[in-house]
Amino acid sequence: MPAVEVRPGIYWAGVNDRTSDLFEGFWPVAREGVSHNSYLIDDEKKALIDITSESLLESLLSQIATVTDPAGLDYIVINHMEPDHTGALRALRRLAPRATLLGSKKAVEMMESYYGVTEGVRAVEDGETLSLGRNTLQFFSTPFVHWPETIMTYAQEQKVLFSCDGFGGYGALQGSIFADEYADLRFYEEEALRYYTNIVALFGKQVLKAIDRLKDLPVEVVAPSHGLVWRRNPGRIIELYRTWAGYATGPVEPGVTVVFGTMYGNTRAMAEAVAAGVAGAGLPVTLFDAARVHPSYILPAIYSRQGVVIGSATYEGGLFPPVRNLLSLVESKRIVGRTAAFFGSRGWGGGARREFARQAETLQWEVVDAWEMQGGPTTKDLQEGEEFGHRFAAGLRR
Ligand code: FEO
């Protein structure tokens, strides 16, 4: 996709990445893709906002070249130092030797520690402005959205907020960069939530702080570094982020996530029965096999819903490893305060239930029910499993 004009003289010059399998080397994006949005301001002074990873430099350069010669850049704004935004920094530096690199004080320190770059670099202060001619950029400190050095940049006259990771999402762009040119935004909103829970959820307080800090800006375009550009209704993605950030401490959506780990299908059979019980009580339920579905896709469900039911076979005296791994990620994302229940199967001594109880305590999850069967499920076991799911869901509805 060639460079696209967002506002007069302001261009999306991003790279639509459909070849990377993993984001941050861990989160799957092979199917969905992800865009790395850079923006070019073609003014008396020319500025590039955010770069891209080393491997995508050639694509970025060809995007810039459709508007201007990369060698003529005056400024490169580094909103955020994570290498998906800066991996190409050293190489671009050589190709645009006149450009001053702008970033927060911490970003300037990181430019040295990551890339050994110390020349032609300038730290900007929170609230500082920079005239490019017809456009004035203003820099806002938004620490931990996503790293401590992160800033957002605002183009004052044209009211465009370059929000970096904030308000971003997975999902390669499909023919248009603008949210208002898609008939159905479900895919992008779901991918924005997946991105939020994978990348940003730990920093919910800082997200809310950033939204509050920016609330008096008359933003007309939200232009993040990943995902769609929000032009007709820029408030939509800000409100989604506000809602999602609120889930860290406040009420979440009704519904239940059932996650199971099974070796030979006994716990899966029970999971199906439990899910039937939840559905029978009238609550939405989503079922995940922890060994087959990457945590990237399970975290949004656990994060956004009040009820979590974990089913695990006992494996070597504890939780089935994929379930343990998932819960460890849930802990590192600090998804606390959910209402939970446990079910499982054991061959002899058990242990999964005990380990889950310890983990749930760490997560401050209220465990309202726990139930285990010995060996494979009998018809009676499955019936009890369904009742267990029904009871759990009914308790949530009260
Ligand atoms: Fe898009 Fe925190 O990197």
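Ala340 stands opposite Val367 in strand S22. The model is predicted, with local features requiring pLDDT of at least 70 and side-chain atom pairs counting only at pLDDT 80 or more, while totals for chains, interfaces and linings use all residues. Residues are numbered from 1 along each chain as its sequence is written, and side-chain values use heavy atoms, with hydrogens and water left out.

Strands S21 (residues 339-346) and S22 (residues 366-374) run parallel and are joined by eight bridges. Strands are taken as paired if DSSP finds at least two bridges between them. Helices (H or I, at least four residues) and strands (E, at least two) are DSSP runs, numbered from the N terminus. Between S21 and S22 the chain passes through helix H11 (residues 352-362), and this β-α-β crossover is right-handed. The term right-handed applies if, with the strands pointing away from the viewer, the path from the first strand over the helix to the second runs clockwise.

The structure contains 22 salt bridges, a salt bridge being a side-chain nitrogen of Lys or Arg within 4 Å of a carboxyl oxygen of Asp or Glu. In one of them, the side chains of Arg324 and Glu355 meet at 2.7 Å, N to O. Arg324 belongs to helix H10 (residues 321-332) and Glu355 to helix H11, so this pair ties together parts that are 31 residues apart in sequence. Accessibility is classed as buried (under 20% relative accessible area), exposed (over 50%) or partly exposed (in between), with a 1.4 Å probe and protein chains only. Arg324 is partly exposed, at 33% relative accessibility, whereas Glu355 is buried, at 16%.

A salt bridge also forms between Arg346 and Glu372, whose closest N and O atoms are 3.4 Å apart. This pair links strand S21, which holds Arg346, to strand S22, which holds Glu372, across 26 residues of sequence. Arg346 counts as partly exposed because its relative accessibility is 25%, and Glu372 counts as buried at 19%.

Asp369 and Arg391 meet through their side chains in a further salt bridge (2.9 Å, N to O). Asp369 is in strand S22 and Arg391 in helix H12 (residues 379-397), 22 residues apart. The relative accessible area of Asp369 is 18%, so this residue is buried; that of Arg391 is 46%, so this residue is partly exposed. Elsewhere, Arg31, Glu32, Glu191 and Arg194 are linked in a network of salt bridges.

Asp17 lies in strand S3 (residues 15-17). Asp17 is buried but has no salt bridge, and the nearest side chain of opposite charge, Arg18, is 8.4 Å away. For charge, Lys and Arg count as positive and Asp and Glu as negative, with His and the chain ends not counted. The side chain of Asp17 makes a polar contact with that of Ser20 at 2.5 Å. A polar contact is a pair of N or O atoms within 3.5 Å; within protein, one must be able to donate a hydrogen and the other to accept it, and residues adjacent in sequence count only if both atoms are side-chain atoms. Beyond neighbours within four places in sequence, Asp17 is in contact (heavy atoms within 4.5 Å) with Gly33, Val34, Ser35, His36, Leu56 and Ala172.

Glu82 is placed in the loop between strand S9 (75-77) and helix H2 (83-86), and is buried at 9% relative accessibility. Not counting residues up to four places away in sequence, Glu82 touches Glu24, His146, Trp147, Glu149 and Asp165. With His146, Glu82 makes a polar contact between side chains (3.0 Å).
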